[in-house]
Amino acid sequence: MNRPEDGFETLAIHAGQEPDPLTGAVVPPIYQVSTYAQDGVGGLRNGYEYSRSANPTRTALQECLAALEGGAHGLAFASGLAAEDTLLRAVLAPGGHLICGDDAYGGSYRLFSRVYDSWGVSTTAVSMHDLAAVRAAIRPETKLIWCETPSNPMLGITDIAALAQLAHEAGILLVIDNTFASPYLQQPLALGADVVVHSTTKYVGGHSDVVGGALVLNDAELAERLTFLQNAMGAVPGPMDSWLTLRGVKTLAVRMDRHCDNAERIAAALSGHPVVTKVHYPGMTEHPGHEIATKQMRRFGGMISFQVGSLERALEICAKTRLFTLGESLGGVESLIEHPGKMTHASVAGSMLEVPDDLVRLSVGIESGDDLLADLLQALGR
Ligand SMILES: *Cc1c(COP(=O)(O)O)cnc(C)c1O
């Protein structure tokens, strides 16, 4: 059994993952099953009835993620966007309004502005680093504030405790997308957030081999509504995907420390490089969010973005790396490089979420830091 005082690394390996009662298997089995025998009509064994409603491998993952975020309730989904969709359905209704960051993940903004708009929900994007702007965007029908910190791809930092206070004064829920930090580096619920969202596809799973999402929260009533919608809408992860994510989670703490070690070195090297005009990494003292990041994060993460003065140069760098693979996504053990303007954030071109065209984003992996640095320097040339 978990004890509340167990450390993060202990919870990652044991929370929700007691040895299997039947065989003693030390890892939760992959319950690759859709339905369960009943002992007489309505006589469920251990509450399992049908795997859309609940599956033991998914239960293990949900309990583990809840423990890691320090929350009472965890729900796993087929993708980060499926988790977001289920949450939006629970909290919003036609006529409702939400406020998100002007540097929100492009896919989240697309869901808000191009799917929920036709359901009568409107979205205002503002700078989350400007609390006065957030307050000014609040309307009587505003139901939630949606914030990513660090944000994607500009690595902007928002003061979660201050934003939670602002939201709660107005009777609005605060949702934090904690995908970039992972629960090892930052625990938004403890800072006052109401719901934490994850794309577990990224650091939580950590091996670029599975797509998934999660919600973690403390409020029992909202958790019950979300559990109803998880089953009613059906965007659940399968047992194999739940198991892969749970396998990834076990090493989250050690992976994150190495991601941070490598990213800190690379950010320092980039910031002195003649080709680089600007580095965005919250671990650097000149980053505008550095002080807040120091206050609310354990370390600064594995994501870096930087600018190089022109689109051509940015594309050239993306084409020249050997170890940094050109690709979307982030948070895996292998290093990735991408051009947000033409790749992950192409869907927000022309909107106020548009990103600079000379921006390059790195997801710094856990390979040898020496090798990563050498690769990047050769790609930068000069
Ligand atoms: C990837 C990502 C999402 C969406 O998650 P999927 O698993 O791809 O559906 C949401 N927020 C952030 C910050 C992301 O990086």
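**Close-up views of a predicted model**

**View 1. Helix H2 against helix H9.** Thr-57, Arg-58, Ala-60, Leu-61, Cys-64, Leu-65 and Leu-68 of H2 are in contact (heavy atoms within 4.5 Å) with Pro-239, Ser-242, Trp-243, Thr-245, Leu-246 and Val-249 of H9. Nine nonpolar, three polar and one charged residue make up this contact; Ala, Val, Leu, Ile, Met, Phe, Trp, Tyr, Cys and Pro count as nonpolar, Asp, Glu, Lys and Arg as charged, and the others, Gly among them, as polar. Helices (H or I, at least four residues) and strands (E, at least two) are DSSP runs, numbered from the N terminus. The model is predicted: local features need pLDDT of at least 70, side-chain atom pairs count only at pLDDT 80 or more, and totals for chains, interfaces and linings use all residues. Residues are numbered from 1 along each chain as its sequence is written, and side-chain values use heavy atoms, with hydrogens and water left out.

**View 2. The open sheet.** Seven strands in the order S1-S7-S6-S5-S4-S2-S3 form an open sheet of mixed pairing (two strands pair if DSSP finds at least two bridges between them). Strand S1 (73-77) and strand S3 (122-126) stand at the edges with a single partner strand each, so one side of each has no neighbour in the sheet.

**View 3. Strands S6 and S7.** Strand S6 (residues 195-199) and strand S7 (residues 213-217) run antiparallel and are joined by five bridges. Val-195 has Leu-217 in S7 as its bridge partner.
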